[in-house]
Amino acid sequence: MTSHVHMVVTAPESELQNSVRDFKKFTSKKIIEAIKEHPESRREWLLRKFSYAAEVRAGTPIPKVEEV
């Protein structure tokens, strides 16, 4: 399966959640950049799915991801 990753991570006490948060933020931005830059037949669908998931997670409407 190519759509997930397994990691073994250590961090100083109480810093693990910060490291995981930063990793998720970094990778999500890179994934969106890659979707926008590279030809992908599902580009618009993927961007809408990410936008919707972020909106649901936040519990409040957010600006839609700019489509290419």
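Helices (H or I, at least four residues) and strands (E, at least two) are DSSP runs, numbered from the N terminus. By that rule, the protein has two helices and zero strands. This is a predicted model: local features need pLDDT of at least 70, side-chain atom pairs count only at pLDDT 80 or more, and totals for chains, interfaces and linings use all residues. Residues are numbered from 1 along each chain as its sequence is written, and side-chain values use heavy atoms, with hydrogens and water left out.

**Burial and surface**
- Of the 68 residues in the protein, 7% are buried (under 20% relative accessible area; exposed is over 50%, partly exposed in between; 1.4 Å probe, protein chains only).
- The protein exposes about 6,200 Å², with 58% supplied by carbon and sulfur atoms (Shrake-Rupley method, 1.4 Å probe; for residues, only the protein chains shown count as cover).

**Contacts**
- Contacts (heavy atoms within 4.5 Å) between residues 24 or more positions apart make up 18% of those with a separation of 6 or more.

**L46 in helix α2**
- Helix α2 covers residues 43-58 and includes L46.
- L46 counts as buried because its relative accessibility is 17%.
- Leaving aside residues up to four places away in sequence, L46 touches I35 and E40.
- K36 lies ten residues from L46 along the chain, and their C-alpha atoms are 9.9 Å apart.

**Nonpolar patch**
- V5, M7, V9, L16, V20 and F23 form a nonpolar surface patch with about 490 Å² of accessible area together.
- Patch residues have over 30% relative accessible area and no salt bridge; like charges are joined within 9 Å, nonpolar side chains (Val, Leu, Ile, Met, Phe, Trp, Tyr) within 5 Å.
- V9 sits in the segment before α1 (16-37).
- V9 has 38% relative accessibility, so this residue counts as partly exposed.

**Salt bridges**
- The whole structure holds three salt bridges (a side-chain nitrogen of Lys or Arg within 4 Å of a carboxyl oxygen of Asp or Glu).
- R21 pairs with D22 in a salt bridge, the closest N and O atoms being 3.0 Å apart. R21 is partly exposed at 47% relative accessible area, and D22 is partly exposed at 41%.
- E33 forms a salt bridge with K30, with closest N and O atoms 3.8 Å apart. The two are separated by about one helical turn because E33 and K30 are three residues apart in helix α1.
- R42 forms a salt bridge with E40, where the closest N and O atoms are 2.9 Å apart. R42 is partly exposed at 46% relative accessibility; E40 is partly exposed, with a relative accessible area of 28%.
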